[in-house]
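Let's take a friendly walk through this structure, one region at a time. Have the sequence and the 3D view ready.

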Amino acid sequence: MKIGIVGGGPSGLYLALLVKRQRPDFSVTVYEQNKAEDTFGFGVVMADTGLSHLEAADKASHDALRAAMHFSHQQTIRLNDQSIDVKRPGAGGGAITRIQLLQILQEMCWSADVDLRFSARQDLQNGGLERITAESDLVVGADGVNSVVRAQRAQAFGTTQRSLHNRFAWYGTHKLFANPALVFREHAGGHFVAHYYRYSTTMSTFVAECDEATWFHCGLDQMNDDERQMLFERIYAPELDGERLISSNSIWRQFPVIRNQRWSVGKTVLIGDALSSAHFSIGSGTRIAMEDSIALAQAIVAHPDDVSAITQAYEAQRRPGKTRLIEASEKSFDWYENIARHMDVGRVHDFVLSYMTRTGRIGEDRLREQFPELVAAIDVARKQALG
Ligand SMILES: Cc1cc2nc3c(=O)[nH]c(=O)nc-3n(C[C@H](O)[C@H](O)[C@H](O)COP(=O)(O)OP(=O)(O)OC[C@H]3O[C@@H](n4cnc5c(N)ncnc54)[C@H](O)[C@@H]3O)c2cc1C
């Protein structure tokens, strides 16, 4: 069987690896527009629940990824000047440099004899997509939020796209934060958020965000990207402790919410962000994308040479689980779209409770079971507030 994968991000590389491991006789080609050593963003976190799925799918890549991760068992949530440290159950999340994640998967793909082609952008203009479609039995769109594979058949996929109102930019910094944190801060009448975590021995990720009212009220709409970066360096000076933010094409943008009614059209199938973008606030987009690859690889191996059975099995197996995660991501971004209202509550314990239960996946009972110290502190604070 001949499989053409457009996009050499986490989902495309992982799919190629899983298929070649199980069916070395299949021809699998990955077309990536960037060079092997280039990517966007800095580090990403992967929760331990997600890691266990990767371990079950392919232990060798899981072990290599895990060995490159920085783990943390605690997250700080700060509202203005009040903080709460939330101790995580289990191993906690692991953070990894995005390029390292890709290079580990690239290495393994090379050894599994995947045909990896870099600097190989495919689109309709250069005839690449037509050629891949003509040559392949199965075409996989693993080309992320701006997928051209999806765009060329948008109507057939039933694609919908809208932008959130909040604005964000993805920075790095040499400040090595002690543990991951979310810092919500009011400044000059605006509501700002920093999501940050260390992911290597020298670097941390720093995602800067504000709501739409702040964007206009504090004049970010009139600033250039350098001025916005400096504003965040000022607002988060206590946390950055003299370190600068580092830009890597860190453009301010609005998160695109992409959904598709159909997951496949003929022999073309979508995975990862190309299929549904998962908001960064749940820190799971990478593992959701890689779990799509697990499901599609299983379907390919179970139904070799029967494309219609592959796409049906993939969707039947994966849609329910993915829908649950994407719905959680939607509740999470709705919460962030309303940060001013949540922050105006003013009491850090109520704020943290609202944050922790925002996706609906954790109710107060599960919170009590998984985060007993946090719930005990919330109970004490509530009693104090009642006098
Ligand atoms: C600010 C921010 C922070 C995030 N933090 C986290 C986090 O902490 N944890 C987490 O799990 N996720 C996080 N994510 C989400 C995560 O980055 C994505 O969900 C994940 O990368 C999706 O993987 P993918 O393989 O589907 O797509 P991508 O990673 O986008 O990969 C797509 C690949 O396709 C290539 N490509 C695109 N078009 C073409 C073309 N026409 N021809 C050839 N190649 C092409 C691209 O160069 C890219 O390499 C974050 C996202 C953002 C924006």
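## Around the ligand

Which of the 34 residues around the ligand come nearest? In this predicted model, they are Gly7, Gly9, Gly144, Gly272 and Gly285. Two or more residues of the shell around the ligand come from each of helix H1 (10–22), strand E3 (43–46) and helix H11 (285–302). Of these contributors, H11 gives the most, with four residues.

What is the make-up of the shell around the ligand by class? You will find 14 nonpolar and 14 polar residues there, along with six charged ones.

## An open sheet

Next, look for the open sheet of seven strands, whose pairing is mixed. Its strands follow the order E6-E5-E12-E13-E14-E11-E15. The edges are taken by strand E6 (82–87) and strand E15 (245–246). Each of these two has a single partner strand, so one of its sides is left without a neighbour in the sheet.

For E6, strand E5 (residues 74–79) pairs with it in the antiparallel sense, over six bridges. To find your place in this pair, look for arginine 78, which stands opposite serine 83 in E6. As background, strands of a sheet pair through backbone hydrogen bonds, either parallel or antiparallel.

## A stop at alanine 213

Alanine 213 sits in helix H8 (residues 212–217). Why is alanine 213 partly exposed? Because 15 other C-beta atoms lie within 10 Å, while a buried residue would have 20 or more and an exposed one 12 or fewer.

How far is alanine 213 from serine 119? The two are 94 residues apart in sequence, and 40 Å apart in space from C-alpha to C-alpha.

Definitions and conventions:
Residues numbered from 1 in each chain as written. Predicted model: local features only at pLDDT ≥ 70, side-chain atom pairs only at ≥ 80, totals over all residues. Near = placed C-beta within 6 Å. Nonpolar A, V, L, I, M, F, W, Y, C, P; charged D, E, K, R; others polar. Pairing = 2+ DSSP bridges.
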